[in-house]
Amino acid sequence: MISRKSTAGASLSWFSKKQVAVALSSAEAEFVDLAQTAKEGIWLQMVMHELLPHMKVPVKIFCDNLSCIQLASNPKHSEKTKHVDLKFHFIRELVEQKKIQLAYTSTHIMWADILTKPLAAEKFSLCRKHLGVISKPA
């Protein structure tokens with residue numbers, strides 16, 4: 001059965017699952033995923049603050065979708081994004097409060113893709129290499 005839901009993945013906790021909402025664009029799907037990653041990042045930041053109270057560093061999240069980054073960074077609503085569920089817009093506050101920092105990363109060097117989608121053999125091997133995973137000899 002086709003669910004029309006994107007597969008979300010977060011490299012912080014190394015998981016992937018179907019998103020809770022049907023996205024109408026790739027930017028929206030990335031935005032929903034970004035919101036989940038931000039929640040996990042903020043939680044980890046709180047854990048780190050318990051261990052190292054003097055350390056205050058924003059959570060840096062890498063994203064390969066410029067539209068998603070602009071949506072999260074721009075407080076103005078546009079006609080094209082009014083359908084995005086409000087529950088995901090908390091990410092804008094996190095950006096404004098400097099609790100998270102969004103950084104663009106090219107799709108070609110998005111190593112977390114190995115965790116969330118099927119890849120061609122060459123890209124799979126490259127991602128595996130950059131994550132430090134080695135294959136066991138047969």
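1. Cys127 counts as buried, at 0% relative accessibility. Buried means under 20% relative accessible area, with a 1.4 Å probe and protein chains only. Cys63 is also buried, at 4%.

2. This is a predicted model, where local features need pLDDT of at least 70, side-chain atom pairs count only at pLDDT 80 or more, and totals for chains, interfaces and linings use all residues. Residues are numbered from 1 along each chain as its sequence is written, and side-chain values use heavy atoms, without hydrogens and water.

3. The structure has 0 disulfides (pairs of cysteine sulfur atoms within 2.5 Å). For Cys63, the closest cysteine sulfur is in Cys68, 4.1 Å away, so the two are too far apart for a bond.

4. The largest nonpolar core holds 18 residues. Such a core is a set of buried Ala, Val, Leu, Ile, Met, Phe, Trp, Tyr and Cys residues joined through side-chain atoms within 4.5 Å. Phe31, Leu34, Ile61, Ile91, Ile100 and Leu102 touch the most other members. At least two residues each come from α1 (26-51), β3 (59-63), α2 (66-73), α3 (90-96) and β4 (100-104). α1 supplies the largest share, 6 residues. Helices (H or I, at least four residues) and strands (E, at least two) are DSSP runs, numbered from the N terminus.

5. Which residues lie nearest the centre of the second largest pocket? They are Gln45, Met46, His49, Val57 and Val59, among 16 lining residues. A pocket is an open set of points on a 1 Å grid over the protein atoms alone, where a 1.4 Å probe fits, with protein on both sides within 12 Å along at least five of seven lines; lining residues have an atom within 4 Å of a point. α1 gives the most to this lining, 8 residues.

Conventions
Buried < 20%, exposed > 50% of the residue type's maximum accessible area, 1.4 Å probe, protein only.
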